[in-house]
Amino acid sequence: MNIIKKHCGGIDAAIKKSQHSDSISVSGQQKICVNPQKFRDLFKSTINSLLKHLEQLFRHPKVSDIQHIIMVGGFSECELVQRAMKDTFPKKKIIIPEEAGLAVLKGAVLYGYQPEKINKRILKKTYGIQSWPEWDSEVHPETKRVRIEGTDRCKDVFYKFAVKGEKVEAGHSYGQIFQALKPDERTLECTVYISDDTNPRYVTDPSCQRLGNLIVPLPPLQKGQSLEIEETMIFGGTELLFRAKNMKTGEIYETQFQF
C-alpha cells in the first residue's frame, strides 16, 4: 500500500486509472474486492487450453474410446476446472479423488514400491541416433554431402529406433548394428536424439534435440579393416538405457537417460 501510495497516489487512484476500474474495488485498508466474473476470466484462457488439448487427444484412435477421466494435481481441485470438464465431456465419467493435489505424490510412492504396475508406456518423443548412409543425389541435399574414406555419405541423418505415439513395454529393446567409418579414430561418439516429429529426416531439424551421448573406445584398425558396433535402446520404467557393444571384442558400454 505504501509503494502504491508513493508511486500512484494510492490504491483508489491506481484502480481508477486502470482498465479494471469497473470490476475491482477496495474495502478498508487491506482488502481488494474482485467482481466474480472478472475472477472467473482469470482462469478462462488456461481452462480453454486444457480443454482444447484434451479434445485433440480424444480424437486420436488409440485413446478415442476412453470413458473415464481421473483428475489429479492441485489444479484439479479448482471448482471452475471441474465444472468446465464436466460440461465439455458430459458422456465421460469424471473422477476426482480426495486430496487430488496429493494423488501424484502418492502415485509416485506406490510406483516406487510396485514398478511392475505400469508395464507399458506411450512414447512422447521419437528416439534415434545420427547415421551416415551413402549419399544419394535424389534423396539427400548437397549441403549434407561429406567424403569419408573414399565414399560420399550423408551426414546428420536421423535413424529412428522408436516412434512418438508408439506403445512400448518396460524392458523392450531396439537395436541396430553400425560400422565405424573412420579406422584412424580412437573413440566413437554415439549420440542419442529425440524429436517431436514422428518422421524426422535429420538430427538438425527444428523438431530434434540432443538427449546425450556415449563415448565408445575403438581399438586400432588396419587400413581396409572394419569394426561393427551394435547400438541398442532399452526402454525401462522411467529411464532409457543406451548400450553400445563392440562386436569384435564383446565389450559393452552403457549410459542412462531419464524420460
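1. Contact, as used in this note, means heavy atoms within 4.5 Å. The model is predicted, so local features need pLDDT of at least 70 and side-chain atom pairs count only at pLDDT 80 or more, while totals for chains, interfaces and linings use all residues. Residues are numbered from 1 along each chain as its sequence is written, and side-chain values use heavy atoms, with hydrogens and water left out.

2. Leaving aside residues up to four places away in sequence, Ile 96 touches Met 71, Ser 76, Gln 82 and Lys 86. You will find Ile 96 in the loop between strand E4 (93–95) and helix H5 (100–113); helices (H or I, at least four residues) and strands (E, at least two) are DSSP runs, numbered from the N terminus. Ile 96 is partly exposed, with a relative accessible area of 28%; buried means under 20%, exposed over 50%, and partly exposed in between (1.4 Å probe, protein chains only). Ile 69 lies 27 residues from Ile 96 in sequence, and their C-alpha atoms are 8.5 Å apart in space.

3. Next, look at one partner of Ile 96, Gln 82. Gln 82 sits in helix H4 (residues 79–88) and is buried, with a relative accessible area of 18%. Besides Ile 96, Gln 82 touches Met 71, Ser 76 and Glu 77, again not counting residues up to four places away in sequence.

4. What do the buried residues of H4 pack against? They pack against helix H3 (36–58), strand E3 (68–70) and E4. The buried residues of H4 are Leu 80, Val 81, Gln 82, Ala 84 and Met 85.

5. Now for the largest nonpolar core, which has 24 residues. A nonpolar core is a set of buried Ala, Val, Leu, Ile, Met, Phe, Trp, Tyr and Cys residues joined through side-chain atoms within 4.5 Å. Tyr 127, Met 233, Phe 235, Leu 240 and Phe 242 touch the most other members. Strands E6 (126–131), E9 (157–162), E11 (172–179), E12 (187–195), E13 (208–217), E14 (228–235) and E15 (239–246) each give two or more residues to this core. E12 provides the largest share, four residues. A second, separate core of 13 residues includes Ile 47, Cys 78, Leu 80 and Ala 84.

6. Met 233 is worth a click in the viewer. Among the residues that Met 233 touches, beyond those up to four places away in sequence, are Tyr 127, Ile 129, Phe 161, Tyr 174, Val 192, Leu 240 and Phe 242.

7. Finally, step back to the whole chain. The chain has five helices and 16 strands, and its C-alpha trace spans about 85 × 45 × 35 Å along its principal axes. The radius of gyration is 28 Å, whereas a compact globule of 259 residues would have one near 18 Å; the value is taken over C-alpha atoms, and the globule rule is 2.2 Å times the number of residues to the power 0.38. Buried residues make up 29% of the 259 residues. Of the contacts with a separation of 6 or more, 61% are between residues 24 or more positions apart.
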